[in-house]
Amino acid sequence: MCPLPLLISDTTLHTDMEKKYWKGVEELRNDAEFVRLKNNEFFEHIPVDEVIGRKAESADATPRRDFLKFLGFGMAAATLAACEAPVKKALPYVVKPEEITPGIPNYYASTFSDGHDYASILVKTREGRPIKIDGNEMSSISKGATHARVQASVLGLYDNNRLRGPKAAGKDTDWATADKEIKAKLEAAVAKNGKIRILTATVVSPSTKALFAEFAAKYPGTEVVTYDAVSFAGTLKANEQSFGKAALPTYRFDNADVIVSVGADFLSNWINPTEHARQYAANRKLFGKKTMSRHYQFEATLSVTGSNADHRYKVKPGQYGSVVAALYNKVASLAGATSISAGNTSVDDGISKAARDLWNSKGRSVVVCGSNDPAVQVLINGINTLLGNYGSTVNIDMHSNLRQGSDEKMAALVAEMASGAVDVLFMYNVNPAYTYPDAAAFKAALKKVGTSVSFAGTEDESASEANYICPDHHYLESWNDAEPVKGMFSLGQPVIRPLFKTRQMQDSLIQWAGLPYQDYLTFIQGNWNKSMYGMQTAISSYDAFWTKSLQEGVFETAPAAGVNVFAGDVAAAASSIVKSKTDGLELVIYEKTGIGNGNQANNPWLQELPDPVSKVCWDNYFAMSPAFAKAQGFSQGNVIEVKAGNKTVKGPVYLQPGVADQTIAIAIGYGRTKAGKAADNIGVNAYELASMVNGTIHYYNTGITINKTVDEDHVLAATQTHHTMMGRAIVKETNLDKWLKDPKSGNPDVMLETYKGKKKATEMDLWATEKNPGHDKPNHFWGMSIDLNSCIGCGSCVVACQVENNVPVVGKDEINRSREMHWIRIDRYYTSDTTKESAEKDGMGKIDMLAKMEDPSENPEVVFQPMLCQHCNHAPCETVCPVAATTHSSEGLNMMAYNRCVGTRYCANNCPYKVRRYNWFKYSDNTQFDFNMNDDLGKMVLNPDVVVRSRGVMEKCSMCVQRIQYGKLEAKKAGRRPKDGEINTACAQSCPTNAITFGDYNDPASRLSAEAKDARAYHVLEELNVQPSIYYQTKVRNKDTGTKA
Amino acid sequence: MKGSVFTSKVTSVCLIFFALIFFSVKNVHAQPDGASLFKAQCAQCHSTGSNKVIGPGLKDVHTRRNEEWLLKWTKNSQGVIKSGDAYAVKLYNEFNQTAMPSFALSDDEIKSIFAYIKAEGEKAAAAPAAGAPGAATAKAEEPGFPWMLTMIFVILGVLYLVLGKVKEGLERALRAKQGLPEPIPVTSKQASKNWIRGNKKLIAVMFVIFAVWGSVKGWNALAGIGISQNYAPEQPIKFSHKLHVGQNGISCVYCHSGAEKSRHANIPSPNVCMNCHKYVQQGPTYGTTEIAKIYAALDYDPNTQKYGPNPKPIKWVQIHNLPDLAYFNHAQHVTVGQIECQTCHGPVEEMEVVKQFSPLTMGWCIDCHRTTEVKMEGNAYYTELHDKLKKQYGPEAKLTVDKIGGLECARCHY
């Protein structure tokens, strides 16, 4: 039963809508289970028996009267206990640091760089304790954007799994002993002309590199080997061939009118996704402009980037090379250049369209590819050269330093180690025992190394195999610098004293090499004085330069543009492309937005962040298209055995529309065994399935065989398919050409049938009359506008909200019971291709049409919609609360007083948006929920301005009322009005694409007021007339419809 | 009521009278007061003990130097040094050539100061361990035992017994005169039964009164659970607000500096104490014992004036314990609302031991929000809102906190 069937609008009957959206394939297929769940909106089991301590079937069940007795006793005991208030102690600082005022946060600019991701950040500290990461707007690389992984990284500091001090042979030791022993080993190695190797993930710190050089000078025989868990070695090789530079270019997606990506998930994982996402969104926004980019995506599995594409084509991973070659030929023919040998592909139509659009926007287009095949990347460079994109959208002068790993050198090192030739091996920021495709070989080789030293902060898969672990500081405890892009420097500073007896890797090296520096900070300062200070002329004192750089977190220069002539041999490249057979089953390996390469896998926030596309959390799985699964006889959750070469991996099936035919996809970062309590034994390790071709790691494999194992099923926990929207259309969408003609296109007014004829939904009101226009908001009227054109679904807001508002992690079991606590979620809807027009053309009846619209689509279009409390001004939740625990404020906020709530859950039942969350349990100090809120260390991350909710109360988005109150107070103290943008919610602040605008409707100059008046603005479920405070902006795609846009 | 007004009038007249006598007496005996002169002129740099402050400790100084020298030195120390006095030069160098200023005091005054120093030294010698003379502690004003009422009850009781005996005697005499036999003696049990039978209404009324009284008391007791009004725990340092605020007039926010800008008013860290207590090494009540605890916390040695490496925080007992679910911000009330600290914290300047003055219940918050006007004038944040509200409520209306949403849940609960 639909709870709101009273007024049936046109929209709900889909007559104005062209498409129908589903919450998931379960809905699309109308699974029996789904229908059952859909019909019971709150299908969670109510644990009455558990509460009164009775097992339903047990014979010795507690009788009711006993229960009442216990209850009575419990109350009496609680009352007596409450009479005696505990004595609380208050400990002020002994000497209060001048810059700290307890209760007021301090912000420090720093740098997040873990060898995989990079972001220039601001760290919010309270009483000297880092509690939140924000983006640094001074950085022209990240421009204030952050990523879910960056947002969540603060919890790594408070990970109980961190090592408390150095270890030798698995036993605790002290630094003096470890230093003495390691130094002796180093000297012994030098004495016999032995080999010392530093195995590191990409180092973007110029000072660390300089330090490595000094270390190598002190200990000859030292060599640095760079190895990335997610390798770009093929691309680096291609760029060396093409331009003589083994570096990745930087991109300007904001300058690109046409974007073609072949398998590159550049919005979520590829090179520097935060930077790309902000650029990409800049040219997708339609506020005050009438143009936007067109995005073609050719890919094997449905990625975040592919979900946002205007045109998406399914291609098997082994065919990426063929697609690029065909694209090269099309562009070359338009450019009048010589063509190369290329065959036909299954997506020639798309390639022609893409090539035509690219050529029409030459100089303002970009082609990227996720393949690690050097030959393919040479062709990509060739295409961008033909299009004249170098210098405008692709920049090889200001190259990126984020991936420098060499697969060949890594392979050579493993061989060297296996031969017993390596005397001392240092491992920094790497975990090859987990990430290396041939991890077994690495582990075996590691045993043959004379002395192995790991700098890992936890006893991970590799560190536990090493002779010594000399744990590095967490990055929030360290000094560092970074040069993620040539000429763009940033500084990282510690924001807390080291929590444990750890020591920064660089300090260890200084110590062991006996270098004449007091510590690494002195070294960095010396290095900056020597190198960076001279790159500018504006500041004439080094101290002032250092202070300014440290305060702003960045120091940026503009290196002179060089002449880069493309010298790649496209013909040779075309013939050497690694091609697979067109039939045969293939496997593609991808990264998830939350877990990434797996180095932060033990972060429960990231584990619980649902995958943007599949909405599954706490797991990885073999994703395959529903048609393929059906043909194979698989259903969701069946455990299958996948064999690639000599490796076999067992994992569950997930039905993912949009995966290429004859292809299965699996994410890396899971299947960790020694990461910690949150990550261990979750999912399977997919690194093993990668293939090694011509010395580079390819993140796909061919010649796959799959077997269904007998009688084994695995439950996947997904946050969607719960909280259904009852099949109603809630995402509005149009295409650019239509929107240009009619700004209201896709967003018609919602009309309701009344006895007086059709009326606009908002004109009908139970409460407000002309005389009494409803509640007054004399001071502020807070609200939000969410641009569906900008939202890429990445989930940065979800984690940011979790950090800011002390949202608990509930774990996989609870997610399966639909009891996730996230205050903001991102709904993802697939579309079907059947439209009203096509049905009419086919002469289909209405019922047939609706039935046809339910047909699954092979390659769905995807929309993302962030969903949070809409702060309705006619809130249905408020009217049904029996104890007035949820009420409305005069500033437009729907308030929730936790201590007044008695937990009837009427409000959640009556919420049309399903955004209220119920605390089934006390999630803090509860061994059943052994996440960060169950230990003293993990609790240090909690925001002291937000209360930790207890069991039995409802909670939901408060629109970061603590930030609103704080911002208002700052304005009042200064005797002024708050400036637009000064107060911001955590979700809006963390959004890499600025999709969320928070502001005050009562401020006519605010960005929000302008966006609310936009023709694209609409309220979700407007027909209910609950008058939400949150506007959404109709999504506009830029599809090629044949008409000139 | 009239009576009490009268009494208070009498009291004040008496007070004025006594005060006049006190002051006149003081004026009659106008002699130099060594104690107050020492505190005003010397105590910044010297103690009456043997410890160094800025200058040397003056205990037993009369045995070290004669009176003539002391007079000369006090009036013009530089002169004495320049005259080449060996002791003076040595002293000057010992204290890093910190010059002692010259004091334009009369000989009598200087003598009185040294007499005071001498007396203090002897006092200390007499009671070497007496850290805190009890005489100086201010007597807490406890509510007096109701002597008057007790007396009345006692007198009435005696009267009742006496009259009862008299009545009994008279009855007996009457009977004897009339020749009636002795009445049958009634047991006390029987008597009370009889009394109960005869006074059913009275007993019913008394029962109702007792029941109502009991319920009210019981309710109040239950409602008071969790409210710790008047909570005045013993603190690790016997810090007296009465002395610091009441007598020395130190502003509240000098120490509680967070109150104007932050959510927390903050307990000052000991380094703030040291702004004064680097010099004031002895208190009037507890001598050096309590101040020594500050030094201990900072690991400070007052003799060498050096800080050691082992500071440890002072564990104060928190008096105002707002539950986690309620958010309170001092700056909002102190800076924006311009509320006096005393409004909530009571007359702290009179408290020897600080207690929780207000109940800190939600009802108490709400009551204040209903009656307190918002300070809108002169704050540009409120200008526009003020105009709107004046239109809405009329120009004369009191714009109290509740009128701008001050009773809404999410102002304090999030």
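Two strands pair if DSSP finds at least two bridges between them. The legends below apply this criterion to a predicted model.

**Figure 1. Strand pairing across the two chains, between E2 of chain A and E3 of chain B.** In this predicted model, strand E2 (residues 89-90) of chain A and E3(B) run antiparallel and are joined by two bridges. A:Lys89 has B:Val317 in E3(B) as its bridge partner. The model has an ipTM of 0.84 and a pTM of 0.82.

**Figure 2. The side of chain B that touches chain A.** The contact between the chains involves 44 residues of chain B and 40 residues of chain A. On chain B, the elements that give two or more residues to this side are helix H13 (270-277), helix H14 (289-298), strand E3 (316-317), H15 and helix H18 (383-393). H15(B) gives the most, with four residues. By residue class, the side of chain B that touches chain A comprises 22 nonpolar, 16 polar and six charged residues.

**Figure 3. Confidence along chain B.** The mean pLDDT of chain B is 83, and 88% of the residues score at least 70. Among the elements of chain B, helix H15 (residues 330-336) has the highest mean pLDDT, 95, whereas helix H1 (residues 2-28) has the lowest, 44. Over residues 1-11 of chain B the pLDDT is below 50, and this stretch has zero contacts in the model beyond near neighbours in sequence. Where pLDDT is low, the predicted coordinates should not be read in detail.

**Figure 4. The crossing of helices H2 and H7 in chain B.** The axes of helix H2 (residues 34-42) and helix H7 (residues 107-126) of chain B come within 8 Å and cross at roughly 100°. H2(B) is therefore roughly perpendicular to H7(B). From H2(B), the residues in the contact are B:Gly34, B:Ala35, B:Leu37, B:Phe38 and B:Cys42. They meet B:Glu109, B:Ser112, B:Ile113, B:Ala115, B:Tyr116 and B:Ile117 in H7(B). The residues of this contact divide into eight nonpolar, two polar and one charged.

**Figure 5. A seven-stranded open sheet in chain A, with helix H7 lying across several of its strands.** The strands of this sheet follow the order E7-E6-E18-E17-E16-E8-E9, and their pairing is mixed. Strand E7 (171-172) and strand E9 (222-226) of chain A each have a single partner strand and stand at the edges, so one side of each is left without a neighbour in the sheet. Strand E16 (residues 422-428) and strand E17 (residues 451-454) of chain A pair in the parallel sense over four bridges. Within E17(A), A:Ser454 is the bridge partner of A:Met427. Helix H7 (residues 175-191) of chain A lies across strand E6 (167-168), strand E8 (195-200), E16, E17 and strand E18 (468-469), and runs at about 130° to E16(A).

**Figure 6. The contact of domain 1 with domain 2 in chain A.** Chain A is divided into domain 1 (11-41 + 723-1037), domain 2 (248-400) and domain 3 (583-718). Domain 1 and domain 2 of chain A each contribute 18 residues to the contact. On the side of domain 1 that touches domain 2, helix H24 (736-741) and strand E46 (1035-1037) of chain A are the elements that give two or more residues. That side of domain 1 comprises eight nonpolar, six polar and four charged residues.

Key. Residues are numbered from 1 along each chain as its sequence is written. Chains are lettered from A and ligands numbered from 1 in the order in which they are written. This is a predicted model: local features need pLDDT of at least 70, side-chain atom pairs count only at pLDDT 80 or more; totals for chains, interfaces and linings use all residues. pLDDT is the predictor's confidence in each residue, from 0 to 100. Two residues are in contact if their C-beta atoms, placed from the backbone, lie within 7 Å. Axes are lines fitted to C-alpha atoms, for helices over the stretch in contact, and angles run from 0 to 180 degrees between N-to-C directions. Ala, Val, Leu, Ile, Met, Phe, Trp, Tyr, Cys and Pro count as nonpolar, Asp, Glu, Lys and Arg as charged, and the others, Gly among them, as polar. Domain bounds come from an automatic or database domain assignment. Angles under 35 degrees count as roughly parallel, over 145 as roughly antiparallel, 65 to 115 as roughly perpendicular and the rest as oblique.
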